[in-house]
Amino acid sequence: QVQLAESGGGLVQAGGSLRLSCAASGRTFGTYAMGWFRQAPGKEREFVAAISRNGYSTYYADSVKGRFTISRDNAKNTVYLQSDHLKPEDTSVYYCAARMAPDQRVCYSSARDYDHWGQGTQVTVSS
């Protein structure tokens, strides 16, 4: 069972940047595909970005493409979300998620595909 802990959220002005981190417990991090999702008050949880087990495949929501970058360091059991050119509409609680992945090249964009979730970190972007 993997446990996930997000960090790096905060308050930032529009146009600024934040780097979110998600640290995973256990020795099998390299067997998990990872994803980032977000949820704003009164809205459904939405997909942000995903990365495959080996880190070679990534996938982004259209709303963040070109501004956000997902990456992972399997030696450190950590996945990152570099968020640049932030907008007020990016304000949300950001969650990382993990699932076992038999194919090291595949990433997943649906919340239903993930089995493990962190507690979330708040990102607030002021205008």
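## Before we start

Two strands count as paired when DSSP finds at least two bridges between them. Strands themselves are DSSP runs (E, at least two residues), numbered from the N terminus.

This is a predicted model, in which local features need pLDDT of at least 70, side-chain atom pairs count only at pLDDT 80 or more, and totals for chains, interfaces and linings use all residues. Residues are numbered from 1 along each chain as its sequence is written, and side-chain values use heavy atoms, with hydrogens and water left out.

S4 pairs with strand S9 (residues 92-100) in the antiparallel sense, over 8 bridges. Here Tyr32 stands opposite Met100 of S9. Strand S5 (residues 46-51) also pairs with S4 in the antiparallel sense, over 5 bridges, and Gly35 faces Ala50 of S5 across this pairing. S4 and S5 form a hairpin with 6 residues between the strands, where Gly42 takes a positive phi near 75°.

## The open sheet

Now look for an open sheet of 4 strands, in the order S1-S3-S8-S7, with antiparallel pairing. Strands S1 (4-7) and S7 (68-73) stand at the edges with a single partner strand each, so one side of each has no neighbour in the sheet.

S1 is joined to strand S3 (residues 18-24) by 4 bridges, and the two run antiparallel. In this pair, Ser7 stands opposite Ser21 of S3.
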